[in-house]
Amino acid sequence: MTREEWLRLSAILGAGAMIPNELHAAFADGEIKRSDFGKDFLWGTATAAYQIEGAWNVDGKSPSVWDHMAHKRPGKIKTRENGDIACDFYHRYEQDIELMKKMGIPIFRFSLAWTRILPDGTGKVNQAGIDFYNKVIDKCIKEGVEPWITCYHWDLPQTLEDKGGWSNRDSIQWFEEFVDVSTKAFGDRVKNWMVFNEPMAFTMLGYMLGWHAPGKVNFKKFYKSVHHVTMSHGAGGRVIRKNVKNANVGTTFSCSSVETLKHNKANDKAVTRADVMINRLFVEPILGMGYPVKDLPALKHVIKHMQPGDEEKMKFDFDFIGVQNYTRIVVKSLLLVPMIGAINVAPKKLGHDITEMNWEVYPEGIYKVIKKFAAYPNIPKLIVTENGAAFKDELVNGEINDTKRVQFLKDYLGQVLKAKKEGVNLGGYFIWSFLDNFEWAEGYRPRFGIVGVDFATQQRIVKASGKWYSEFLAGK
Ligand code: BGC
């Protein structure tokens, strides 16, 4: 609902009708402005290698788990599509970065394809892969767009998956080597690094539910992977610190406010367990708090993979934590569900708008997760490293007038501002995503870009949301 619609409705409802909490911040002083966030606040857009690059087998690149799964088991992707070409960013990065500059977007967050840099996973470095990212970084710098690198956004080399992937404890060393090579190659020019993108997503969806690559349904592998990824967090962070002078080191988590509609003992406990899985499992060990096993006893299966000295090595002093939020999760108790004993309430039952991902639009959720993470005593800074939405876009007379996305961004930003005004040390906000891209198991259908892509012609069309972001960034 827009402000105008709300005001119209409240006029009908009478003086008792309050502006709902989630709209309040956005409306407090009229339209939200860039300057409300302060001059040091960082603004950007985010992408990931497999989702945009294409060129899956070009210049020495080897297959990642996503290439492998999409080719060998195409039915794993709803539309049987794959990322072979995607946005062809590999060949179009110059125009895309020029477009970012034209739109006035200060930061470009992208990830490195491990399979371009170390096609065998470890060992021999592929110079062509290094050259590609050097060209991307140099082009960003030339255009005045600051490059921010995510080391790993879900595309493990298949050769390493053949050895057990993240469920193999050697993955800690493999990952260290990849981060070492990458930071030595790019750390002279890139100062902002993120170790992982959303570890809960790639371990749970990849090894427990089997929806994402490598497509395994194996609890044992999931538990082991959780521990090895946690260890790799610390290991990767230390390598960045060692190799990159004045690095700003972070990592990113998927976070959602977990709630229940009906409070009772069983549902409240279900909320606690689901909250551990969704929000706490990966962040607490790196903060030195250990695994939250007390609130989710099933984590004893993770703990048994710990070795002496691991507790210390899991810790790392990140400069910032990236929170990535899209929706809220509403649960109720169902003890039959393995591990968490909770199930989701269908978003359509919650009475709010739903996105193309079947996710509830719930702006207040971003405020809640920011406040939740800010309450940890040892997180120095938070950055919203992803937020955005997929709606059905229509191309009419060469324009994509995605009003729902514009409203979504404004409403969520209003909540981000509310948290900031309450004193949270919040350093920035990045929209997911710059371009429409390959949305993993969903294929190309849900579109998240503020720039539309015609995948048949690779034409880029700046959507109304892209124009809005541009104007917002240009404003005071
Ligand atoms: C991921 C992106 C993904 C987006 C929308 C985020 O959790 O980092 O890769 O496209 O969600 O599903």
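Author: Start with a loop. Pro214 sits in the loop between helix H10 (199-208) and helix H11 (219-243). Keep in mind throughout that this is a predicted model.

Reader: What kind of peptide bond joins Ala213 and Pro214?

Author: The general idea is that most peptide bonds are trans. The bond joining Ala213 and Pro214 is cis, with omega about 5°. Another cis bond joins Trp432 and Ser433, where omega is about 15°. Ser433 is in the loop between strand E13 (426-432) and E14.

Reader: How should I read strands that lie side by side?

Author: Strands of a sheet pair through backbone hydrogen bonds, and the pairing is either parallel or antiparallel. Here, eight strands form a closed barrel in the order E1-E2-E3-E4-E5-E7-E10-E13, and the pairing is parallel. From one strand to the next the twist averages 30°.

Reader: How many bridges pair strand E3 with strand E4?

Author: Four bridges pair E3 (residues 146-152) with E4 (residues 192-197), in the parallel sense. Ile149 stands opposite Trp193 of E4.

Reader: In which order do the strands of the open sheet come?

Author: The order is E6-E8-E9, three strands with mixed pairing. Strand E6 (257-259) and strand E9 (342-344) are the edges, as each pairs on one side only. Neighbouring strands of the sheet are turned by 35° against each other on average, direction ignored. E8 (residues 328-333) and E9 run antiparallel and are joined by three bridges. Within that pair, Ser333 has Ala342 in E9 as its bridge partner. Helix H12 (residues 265-280) lies across E6, E8 and E9, at about 135° to E8.

Reader: What does a hairpin look like here?

Author: Take strand E14 (residues 451-454) and strand E15 (residues 459-462), which pair in the antiparallel sense over four bridges. Val451 stands opposite Val462 in E15. Four residues lie between the strands of this hairpin, and Gln458 takes a positive phi near 65°.

Reader: Now the ligand. Which residues are closest to the ligand?

Author: The idea is to list the residues around a molecule, then look at single atom pairs. A shell of 14 residues surrounds the ligand, and the closest are Gln51, His153, Asn197, Glu198 and Glu439. By class, the shell holds seven nonpolar, four polar and three charged residues.

Reader: How far is a polar side-chain atom of Glu439 from an oxygen atom of the ligand?

Author: That distance is 2.6 Å. A polar side-chain atom of Trp440 lies 2.9 Å from a ligand oxygen. For Glu386, an N or O atom of the side chain is 2.9 Å from an oxygen atom of the ligand. A pair of N or O atoms counts as a polar contact within 3.5 Å, so these pairs qualify.

Reader: How much of the ligand's accessible area does the protein cover?

Author: The ligand on its own has 310 Å² of accessible area, and the protein covers 94% of that.

Technical notes
Residues are numbered from 1 along each chain as its sequence is written. This is a predicted model: local features need pLDDT of at least 70, side-chain atom pairs count only at pLDDT 80 or more; totals for chains, interfaces and linings use all residues. Side-chain values use heavy atoms; hydrogens and water are left out. A residue is near a molecule or strand if one of its heavy atoms lies within 4 Å of it. A polar contact is a pair of N or O atoms within 3.5 Å; within protein, one must be able to donate a hydrogen and the other to accept it, and residues adjacent in sequence count only if both atoms are side-chain atoms. Accessible areas come from the Shrake-Rupley method with a 1.4 Å probe; for residues, only the protein chains shown count as cover. Ala, Val, Leu, Ile, Met, Phe, Trp, Tyr, Cys and Pro count as nonpolar, Asp, Glu, Lys and Arg as charged, and the others, Gly among them, as polar. Two strands pair if DSSP finds at least two bridges between them. Helices (H or I, at least four residues) and strands (E, at least two) are DSSP runs, numbered from the N terminus. Axes are lines fitted to C-alpha atoms, for helices over the stretch in contact, and angles run from 0 to 180 degrees between N-to-C directions. Contact means heavy atoms within 4.5 Å.
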